[in-house]
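Keep the sequence and the coordinates open while reading.

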Amino acid sequence: MAVRESVAASTTMRPRRRWPTGVAYVGPALLILAVTSIYPTIYSMVMSLFNWDWGIRLDFVGFDNYVRYLTDPAFWRVLGQTFYFTAGAVSVEVVLGMSLAVIVNRLGFGMGIIRTLLMLPLMVSGIIVSLMWKILLDPTLGIVNYFLRVVHLPTSAWFGNAASAMPSIIMVDTWWQTAFVFIVISAGLKSLPIEPFEAAEVDGANSLQRFWYLTLPMLRSVLLTVLIFRTIDCLKVFAIIFGTTGGGPAQATESVQTLAYRTAFKFLFLSRSMTLMVIFSFIILAFVMIYLRVGERGDSQEAS
Amino acid sequence: MTARSKRRLVTIIAYGLALLAVTLTLFPILWIFGISIKTQREAFSMPPVWIFTPVWSSYVKIWSTAGFAQAFLNSIIVTVIGVSLALLAGIPAAYALNRMPFRGKKTLTIWLLISYMFPEFLFIIPMYVLYQQIGLYDTQIGLALVYQVFVLPFAIWLLRSFFADVPVELEDAARIDGCSRLQTLSNVYLPLTAPGIAATAILSAIWIWNELTIALALTFESAKTVTVAAAGFRGYAAIDWGGMTAASIVSILPMLIFAALAQRYIVEGLTLGAVKQ
C-alpha cells in the first residue's frame, strides 16, 4: 500500500520548485517528530548499552543487556505469551469480523443502524473496556457467570486463574476490536464489482464457492492491511492487560509492554526497559516485513 | 425447497445473526450503565436485580471526588491541543509529501510508517527522563506533544489520501491564475477536503481521548486524564462498582456522542487507508 501510494505521488508531482520550499512545508512536522520520536528512538538505542537505573551509576556495558534478555527464559516466556495473545485475538477477530461483514452486507432494511451499533466498542478506551469486563466477569457477582449458572454450564474464574486469564483477555479484545475488521472489510465488500458475482451465479456457483473463489481473492489486499494493523496493535497490547490482570496471576498474562512498564517504572531499571523496547521494535518490524513479503508474493502470483 | 424460499430463509438467518452480534455488542455497555444507577446493595445482589429505581449518587460522587472533574477537563484540553498540533503540522506536510519534490522525502515517509508501528514505551521512557529535567512532566502540553508520535503520522497518512483526490488540473489552474503554494493550499485544497480534514480531526480526537499508556507514564496529578483517573479504580481490591461504572460511562459518553454525530466521517477515515485503490 505504501509503495503504491508513493508511486502515485511521484507521478503526480512535477519538479517545478526546488527542495527548500518543500522542506518549509514539512518543517513543523519534522520538528515535532525530531523531538518526540527520532530523539527518543536514538536515546533508547544508546542507553540500552548502559546500566542506568535512575541513579548516578552510568557504566557502558555494551550488549550485556541484550545478552541478558536473549538468554533469559522469562523474557521468552513473556514474548511467547504476547504472541499467544496476538495469534488468538487476531485470528478470532478476523474470522468473526469478516463473517459479520458478509452477513450484514446481505441485509437490506436496517443495515445502516446495525453497522453503527456494531461500531460502538471502538469508541471505548481500552482501560474502560477492562473495567467493564472486570465487573461483567467477576467470578461470584458477575452477570456472565450468573447466565452460565442459569443454563447449567460450568462457570469460570476468568481473569482469576492462570489458565483462563489469557483466553479471557483475548475474549475482551475480541469484543473491543472486531468492529475494526468488520468496518474495513464491509467497505471492501462495497467496493467490489457486481458483474463477476452475477456471472458466477448464472454458472451455478453456490454462495460458499462465490465467497471462496471471488470475494476472498478480491479482498486480498484489504485483508492484508487489516492483518497488519491488528497484528501490530495486538503485539503492543498494554491497557486491557494493565486494567484487568496487571500481568497476573503468576505473570501468566504478562506482555512485552506491561513488562517494560514494570521494569522501568516499578523497578527503575531504565536501561533494561529500553533494551527490551529496542528488541521488541525489531520484532515488530520483522512481522511487518514478513506480511509485506507474503503480500508481494501473492501479487506476483496473481500477475503471472 | 424453491430457490426463493431458500433465499428468504438465508435472509432470516442473516438477520438473526446480526441481531445476536448487536446484542452481544450492546449488552455489556447497557449492563454497566445499569449498575452505575443502582444502589450498592442492588449492584451486588445475586441473582441480579433487573427492575429498580435509578439513583445518580455514583455520578455525583465521582464528579466531586478523586479529581475526576479535573481529569475530564484535562482530557478536553489535551485533546484540543493534540488535534490542533496534528492538523497544523500535518496539513502542510501532507500537501508537500503529495505535491512537492524535496530531498529526504522517502526517508520521511518511511519514518512516519515505522514510528507509528513502534511500541509506546520506546518513546515514553526517554521522554519521561527529558520531561523530568525540563519541567514538562505532568503537564497538558507535554502530554499532547508526545501524542504526536502516533497522531501526527496517522493524520498525515489520512490527509495525504484525501489530498490525492484533488485533481492536479485544479491546482495547475490556480497556479496559472497567480496563486502561491500557500494560497493554493488554503483556497483550493482546504475547502475541497474539508470533510476529510474533519474525519482526521475526529479520529485523532478519539485516539487521544482514549489513550492510556502514555498518559499513565507522563502525568501524575495535575495533568492526569480521564483514562488515568479511571485506571485508579482497577485492582482486585477495588469493589467500588458504583464509582467504576459511573467513571466508565462518563468517559465513554463524549465519544458515543461523537460517533453518533460523525459516524460517516469515522467510517471514511478508518477505511481509507485500507480500501482505497
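## Contacts and fold of chain A

Within chain A, contacts with a separation of 6 or more are 70% between residues 24 or more positions apart. The model is predicted. Chain A has 14 helices and zero strands. Read from the N terminus, its elements run α-α-α-α-α-α-α-α-α-α-α-α-α-α.

The C-alpha trace of chain A spans about 75 × 75 × 35 Å along its principal axes. Chain A has 304 residues, and 39% of them are buried.

## Confidence

For the complex, the predictor gives an ipTM of 0.90 and a pTM of 0.90. Chain B has a mean pLDDT of 89. In chain B, 96% of the residues reach 70 or more.

## The interface between chains A and B

The contact draws 79 residues from chain A and 83 residues from chain B. On the side of chain A, helix α2 (residues 19-47) supplies the largest share, with 17 residues. By class, the side of chain A that touches chain B has 57 nonpolar, 19 polar and three charged residues.

## Helices α5 and α8 of chain A

Helix α5 (residues 111-119) and helix α8 (residues 162-190) of chain A have axes that come within 9 Å. The axes cross at roughly 145°. The crossing of α5(A) and α8(A) is left-handed.

Which residues of α5(A) and α8(A) meet? From α5(A) come Arg115(A), Leu118(A) and Met119(A). From α8(A) come Ala179(A), Phe182(A), Ile183(A) and Ser186(A). This contact of α5(A) with α8(A) comprises five nonpolar, one polar and one charged residues. A general point about helix geometry applies here. An α-helix has 3.6 residues a turn, so residues three or four places apart point the same way.

## Phe63 of chain A

Phe63(A) sits in the loop between α2 and α3 (64-70) of chain A. Is Phe63(A) buried or exposed? Phe63(A) counts as exposed because it has 11 C-beta neighbours inside 10 Å, and the cut-off for exposed is 12 or fewer.

Phe63(A) and Met98(A) are 35 residues apart along the chain. Their C-alpha atoms are separated by 44 Å.

## The loop between α12 and α13 of chain A

Pro249(A) lies in the loop between α12 (239-244) and α13 (256-266) of chain A. A cis peptide bond joins Gly248(A) to Pro249(A), with omega about -15°. Ala250(A) is not a glycine, yet its phi is positive, about 55°. Gln251(A), also a residue other than glycine, has a positive phi near 60°. For background, most residues other than glycine have a negative phi, and most peptide bonds are trans.

Gln251(A) has 17 C-beta neighbours inside 10 Å, so it counts as partly exposed.

## Helix α13 of chain A

The buried residues in α13(A) are Val256(A), Gln257(A), Thr258(A), Leu259(A), Ala260(A), Tyr261(A), Thr263(A) and Ala264(A).

Leu268(A) follows α13(A). The phi of Leu268(A) is positive, near 60°.

The domain assignment of chain B gives domain 1 (3-36) and domain 2 (67-275). The C-alpha centres of these two domains of chain B lie 33 Å apart. Their contact takes four residues from domain 1 and six residues from domain 2. On the side of domain 1 that touches domain 2, three residues are nonpolar, one is polar and none is charged.

Chain B has a cis peptide bond joining Met46(B) and Pro47(B), with omega about 5°. Pro47(B) lies in the loop between α2 (40-44) and α3 (57-64) of chain B.

Conventions
Residues are numbered from 1 along each chain as its sequence is written. Chains are lettered from A and ligands numbered from 1 in the order in which they are written. This is a predicted model: local features need pLDDT of at least 70, side-chain atom pairs count only at pLDDT 80 or more; totals for chains, interfaces and linings use all residues. pLDDT is the predictor's confidence in each residue, from 0 to 100. Helices (H or I, at least four residues) and strands (E, at least two) are DSSP runs, numbered from the N terminus. A residue is buried if 20 or more other C-beta atoms lie within 10 Å of its own, exposed if 12 or fewer, and partly exposed in between; C-beta atoms are placed from the backbone. Two residues are in contact if their C-beta atoms, placed from the backbone, lie within 7 Å. Ala, Val, Leu, Ile, Met, Phe, Trp, Tyr, Cys and Pro count as nonpolar, Asp, Glu, Lys and Arg as charged, and the others, Gly among them, as polar. Axes are lines fitted to C-alpha atoms, for helices over the stretch in contact, and angles run from 0 to 180 degrees between N-to-C directions. A crossing is left-handed if the near helix is turned anticlockwise from the far one by less than a right angle, and right-handed if clockwise. Domain bounds come from an automatic or database domain assignment.
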